[in-house]
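Please look through the sequence and the model below before reading on. The report that follows takes up a few places in turn.

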Amino acid sequence: MNGGGGVNGVALGVFIFFFLAVTVLGFLAARWRKAANEHSLEEWGLGGRSFGTWVTWFLLGGDLYTAYTFVAVPAAIYAAGAAGFFAVPYTILVYPLVFTFLPRLWSVSHRHGYVTPSDFVRGRFGSKGLSLAVAVTGILATMPYIALQLVGIQAVLDVMGVGGGPDTNWFVKDLPLFIAFLVLAAYTYVSGLRAPALIAFVKDGLIYIVILVAIIYIPIRLGGFDDIFAKAAHAFSQISPATGKPKGALAPPVTGQWGYATLALGSALALFMYPHSITATLSSRSREVIRRNTTILPLYSLMLGLLAILGFMAIAAGVKVTNGQLAIPQLFENMFPSWFAGVAFAAIGIGALVPAAIMSIAAANLFTRNIYRDFFKADATPAQEARVSKLVSLLVKVGALVFVLGMDQTVAINFQLLGGIWILQTMPAIVSGLFTRWFHRWALLVGWAAGMVYGTLAAYGVASPTQKHFGGSSAEIPGIGQIGYIGMTAFVLNILVSVVLTFVFRAFKAPEGVDETAAGDYVADAGDKDVAVELPPAPVN
């Protein structure tokens, strides 16, 4: 797709160079901070809980700011305008929220050896059933998110001309994606969480370089930001033949503001419910590392806002693509010299590999601890747990490939939004449990089921060729009107059911379950302090 229709050899060469470099880093990471008990889930799946401020910051940044950031958000703005900016306010909202509960989760998990949020739920409420529900939801929500990362890799490969033309055999067209998948699977299997932690330094460095160049160089070529916004506004004012309405807007219309607000709030509440977010958090070596990171991670929100504007730049540059996910890679292809386009493509590709690795590890941890050990082999050794997690991490990636090959890739942001609807339903059990045990465990389980069923059916109901935000659309109830983001509506239903049934179960004196935690487990003590500032890792020999 690179303008002339052939393979952009220079860009591809630069991309391959960086891809090979991070692959080598991924395998070498197995020797970084190698521990005596290396064959355990804590070492493979949490990096030995040893990461300090710098490593955690890059790991969380690499974990949370993904191909979704570089491809799907600007693509949504390219297609619909300011509605795609919901990702900016939600990343601003999320850090004050998580500052209130993540340190508590770290403390209780550290003291009881919890590896997953489901471990905590089982220990807090004494319920394997509720723990299983949280684990299954986490695995289910993670697969479309991994799929989004693979879509990002596929987008840059297509723009470089590697994927072939529209008539190319499907296997040949997707072969480069399969190769990237196999490489990712291999070094994740070998090195565990240490691989993405080490690669994240390269990934974030490349992304910041590309952003700084893009927001200075591209506007200069396009005549400045005034011209960029003027051309975008003109393009959005055109009537879409499919809907009979304007294609988009530079600001959300009044009728869409409630949906925009609830989507931003729901996404903020969901972000740190994802297993990969909690896995990166629990890999930290102290409670203070978590507190420091929630105060400095908003720096990434500035990056996200700048990236989102690339969607307007693509319109101003005259980028025409049938698949919106190709808009930003094609913009880089058109505007940058081939060698720097290769650097930008590498930033997107590596920006997909890092979170995909963490996500597959997090999902594998959930299966091993909360399905395999709880229901099949309660006496599993640490080595057996690690071996099962390694194998399951491969299967999770296969599930993500199924999402990629089986769903409409033209609106990849839907992958993340659909996962958000599901994972948000785990929040009542996880977050409420960190502060109170008032909710009854069975009420939380029924509330979770109600939210999952409603959210899934509602999201499916808005899917159509003209509905470009499947999973993120505002739904309506006849006689009531607009009710906002489906995920938030399902979440409110979840809470209401949980509250009502808690009173019911208490009235019938239903068994509460045993709480294995104590009040002191959630607060800081001398063992949680971490006053040393960690330097970036030394090169691996």
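## A threonine in a helix

Thr502 lies in helix 21, where helices are DSSP runs of H or I with at least four residues, numbered from the N terminus. The model is a predicted one, in which local features need pLDDT of at least 70 and side-chain atom pairs count only at pLDDT 80 or more, while totals for chains, interfaces and linings use all residues. Residues are numbered from 1 along each chain as its sequence is written, and side-chain values use heavy atoms, with hydrogens and water left out.

Thr502 counts as buried because its relative accessibility is 1%; buried means under 20% relative accessible area, exposed over 50%, and partly exposed in between, with a 1.4 Å probe and protein chains only. The side chain of Thr502 reaches the backbone nitrogen of His440 at 3.2 Å. Apart from neighbours within four places in sequence, Thr502 is in contact (heavy atoms within 4.5 Å) with Trp438, Phe439, His440 and Ala443.

In the segment after helix 21 (486-507) comes Lys509, which has a positive phi of about 55° although it is not a glycine. Lys509 counts as exposed, because its relative accessibility is 72%.

## Salt bridges

The structure holds 10 salt bridges, each being a side-chain nitrogen of Lys or Arg within 4 Å of a carboxyl oxygen of Asp or Glu. Three of them are set out here.

| Pair | N to O distance |
|---|---|
| Arg369 and Asp119 | 3.4 Å |
| Asp374 and Arg122 | 3.1 Å |
| Lys203 and Asp204 | 3.2 Å |

In the salt bridge of Arg369 and Asp119, Arg369 lies in helix 16 (residues 338-375) and Asp119 in helix 6 (residues 117-125), so the pair ties together parts that are 250 residues apart in sequence. Arg369 is buried at 7% relative accessibility, and Asp119 is buried at 0%. In the salt bridge of Asp374 with Arg122, the pair links distant parts of the chain, with Asp374 in helix 16 and Arg122 in helix 6, 252 residues apart. Asp374 is buried with a relative accessible area of 11%, and Arg122 is buried with one of 15%. Salt bridges that share partners join Asp119, Arg122, Arg369, Arg373, Asp374 and Glu385 into one network.

## A covered helix

Helix 14 is mostly covered, since 15 of its 18 residues are buried. At 1.5 Å a residue, the 18 residues of helix 14 (residues 299-316) should span 26 Å, and its end C-alpha atoms are 27 Å apart, which agrees; the expected span is 1.5 Å times one less than the number of residues. Just after helix 14, Gly318 takes a positive phi of about 75°.

Terms used
Helix = DSSP H or I, 4+ residues; strand = E, 2+ residues; numbered from the N terminus. Polar contact = N/O pair within 3.5 Å; in protein donor to acceptor, adjacent residues only side chain to side chain.
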